[in-house]
Structure formats: structure tokens, C-alpha cells
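Please open the model in a viewer and keep the selection tool at hand.

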Amino acid sequence: LCSLIVLSSCSHEQGNEQPPANAIDTLPKHRVVSAFDGVDQNGSQFNAASMKGKYWLASFFFTRCSSVCPALNTVLAGIQRDFGSKVSFVSLSSDPTYDTPEIMKAYGAQYGAKDGMWWFINMPLDSMLTVASRDLGLVEPSSPDIHSTRFVLVDTAMTVRGYYDSADTADVAKTTEQIFDLWKAGSEIVRVTVNNEASADAIPNIIENLQKRNCFVPIVGDFHFNGHKLLQNYPECAKLLAKYRINPGNVGKGSRRDEQFEAMIDIAKTYNKPVRIGVNWGSIDQAKLALMMDENAKLKNPLSSDALMREALIQSALESAEQAVFWGLPKNKIIISCKVSHVQDLILIYQDLAKRTSYPLHLGLTEAGMESKGIVASTAALAILLQQGIGDTIRVSLTPTSDEPRTKEVVVAQEILQTMGI
């Protein structure tokens, strides 16, 4: 993609009477993007028609996401830094109820988003799904689940010219090197995204390459909406991964949820794999939350909205764990995590979890922020819980700058433990 942007820029800058063909314009034409409206991070009206005449990258995000969205936006931030004068960015929120202009503005600032160059857009959910499926072709209309590291290249005539992935586990050499670097830095477990067939197919090769380098670090597969299909269709991937991470809010909706969740648990049983049931406040089951809100409103002393959200996360994790046990997964094969991005919420949730369950707990403040802000927030949250004897594994999740290695997270986690004498 970066090569295409450079070549396209050179094409525009040529002074010849017959300039060379624009590199982007030589790509296949996929579909035309219709005009759509929304509100940007500054509270201003945005119309996609204003992007005509520009090359731009379209993507989807939600600010409470702790997994694929930070990776995606870190990559986009690097492209903005290096090629911002040649390409623009339009990121559409898939959580419009929560992602207000003020929240999107603060979120964009974490990635150095520049006004007039990178727009974060809030629009009605049904309109956003139409753009995602009909115009950009990122999802099927019948299954509008948007949670992806992919982004789309659109040309000056509003035509889609390419699809790209910001976190491509399928890149065997690159992923192998990243895992090896994390292991050398001291990481004892490494989680990778397994979000498509190519990444599932790559897992055996990645593990083989690591073992050739005497690296036997356990690899955890992070699965989402299609995890049941990937585990079924790629048995070597299912067999070689050390653990599966399953988010109950992302395994499916409605009647599909239990069926797909059970399918993943069955495979974990087949290969004797542990499962981390990882609940996240950005992807909590909305039907469950709505039901709890209705019941809460009937109480004489209802919970506050924050307390209700914490309880919803805890219930989602514990109920999902009990479902897994009911389907035959041994209790000693289950780990639980409930990640949020605010320090006080994380402390209260895990203190409550520790009283209500004996399952091992994985601690982590989701995308705590960049540089010192993220380090201080993670340290404040984890130190209190660890001092109380809560937590079995930890992750320091920092929003990396474009030129900063992921190994910094490992170093910070080690220093927290060393400082506390653990």
C-alpha cells in the first residue's frame, strides 16, 4: 500500500505531457462508494462526497475496543505520519451510541489524528452497516459483524481499489519475528489474532519456525465471530495453539451465540485446551445489558449506570464459564478476564470477581493509553490488585506510538512485578 501511495504521488508530480499511469488507478475496481453523512470528532457535519478527488482509507472502529482496533489505528497513524499529505482517512464508529464527538476527539488524539486529514465519524448504526456491506464490501449484509483489522483504499472517483489488513497473522515471517522478540523480552505467553482462514492456516508454520529457534513460548489464539469455523476447518491450528481466547460478546448474536460458543468449547475439549473467557466492556452482549437495565429500573434502589455495567461484565464472564462447564470443559481449563479502560472500574470488578469465583484471573487495563499515561494507569490498577493477591497472569496493554516496539509492554509488566517484589 505504501509503495502504491509513493508511486501515485510521483505520477502526479511528473511534468511530462503524458505522465505515467497512476499506480493506484491500475488496481482492479471493486465497487463505488455512495455518499453518506455523519458527524465528525469536532461535532461538524461530514459528507463522504467531500472525499471525491482524494485518495482515502476507510476503516471501522469503536473506542472501547481493546483488541483489533488499537492495532488497526496504530498502523493508520504510521501511514498518516509518513504519507499524510497524499492520503486521507475516514474511520466510522461501529458503536455510535457510545462514541460521541467528544469521545472520538480524545480517542483520535491518542493516535495523533490531524484535523482535515483523519475523520472519525458517528452515524446511525443501520446507515453504518449499509456503508460497510454495500459500499465498502467489508461484511456480508446478512451477518453485519464489524470487528476487523482490515481497511479499504478508495480512489479519487470514490471507487474501492484495495483491501488491506493491519494485523496480518498470515504474514508468517513477520509474526514469527514479533513473537520471538516478545519472548526474548520476557513474555511467557503470547496472544495472536486468528481472524481469517489465512491466519489459521499460518499458525502451524509460525510455531514450527519458532521451535526451530528454540522458542517454545505458548501461543494463544484470539478468536471472534468466525472462531468456530476456523477451529473446525483448521485442525492443526486448533491442535497446536496452547489456549483459546473467546469473548462471549463476539462469538455470535441471537440464536447463533450459544451454538457457536459450544462448538468452540467442544474443540477445546477434543484437544484438551484451556480457554480464557475474556469479556470486554466494548463488546458486551447488548441484549443481556438491555435486560439488566430493564430489571434494574424496577428496583427500589437501582444501581448506577457504572455499577450496572460492571455487574453485566461479571455476570457475562461467570455465566459463560458455567456454560462451558455444562458443555463438559473442566473447571481447571477455564481462565477469566473482564477488561475495562478505567482504573477504578477495573479494581472494583476484579475485587468482586475474586469474592465470587475461584477461577484463575487474567488482569489487564484495556488500552490504558500512550507512553507515561498508559504506564501510570496500568501500574496503578495492577499494583492494587496484585497487592491484594488478586490475579494469576497480567498484560500491560499500551497504545504504541508508530515507532515504538510492542516489547515495551513486556518491560513495563516486568518492572511492576519486580518493584512489588513478586
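Begin by selecting Arg64 and Tyr98: Arg64 lies over the face of the Tyr98 ring, 4.1 Å from the ring centre. A charge counts as over a ring if NZ of Lys or CZ of Arg is within 6 Å of the ring centre and within 35 degrees of the ring normal. This is a predicted model, in which local features need pLDDT of at least 70 and side-chain atom pairs count only at pLDDT 80 or more, while totals for chains, interfaces and linings use all residues. Residues are numbered from 1 along each chain as its sequence is written, and side-chain values use heavy atoms, with hydrogens and water left out.

Next, select Arg213 and Phe180; the charged end of Arg213 sits over the Phe180 ring, 3.8 Å from its centre.

Select Phe261 and Trp327: their ring centres are 5.4 Å apart and their planes stand at 85°, so the pair is edge-to-face. Phe261 belongs to helix H9 (residues 255–270), whereas Trp327 lies in the loop between helix H11 (305–326) and strand E12 (334–339), 66 residues apart. Helices (H or I, at least four residues) and strands (E, at least two) are DSSP runs, numbered from the N terminus.

Finally, select Phe61, Phe89, Tyr107, Tyr111, Trp118 and Phe120, which form one aromatic cluster.

How values were computed: Phe/Tyr/Trp six-rings, centres within 6.5 Å; stacked < 30°, edge-to-face > 60°.
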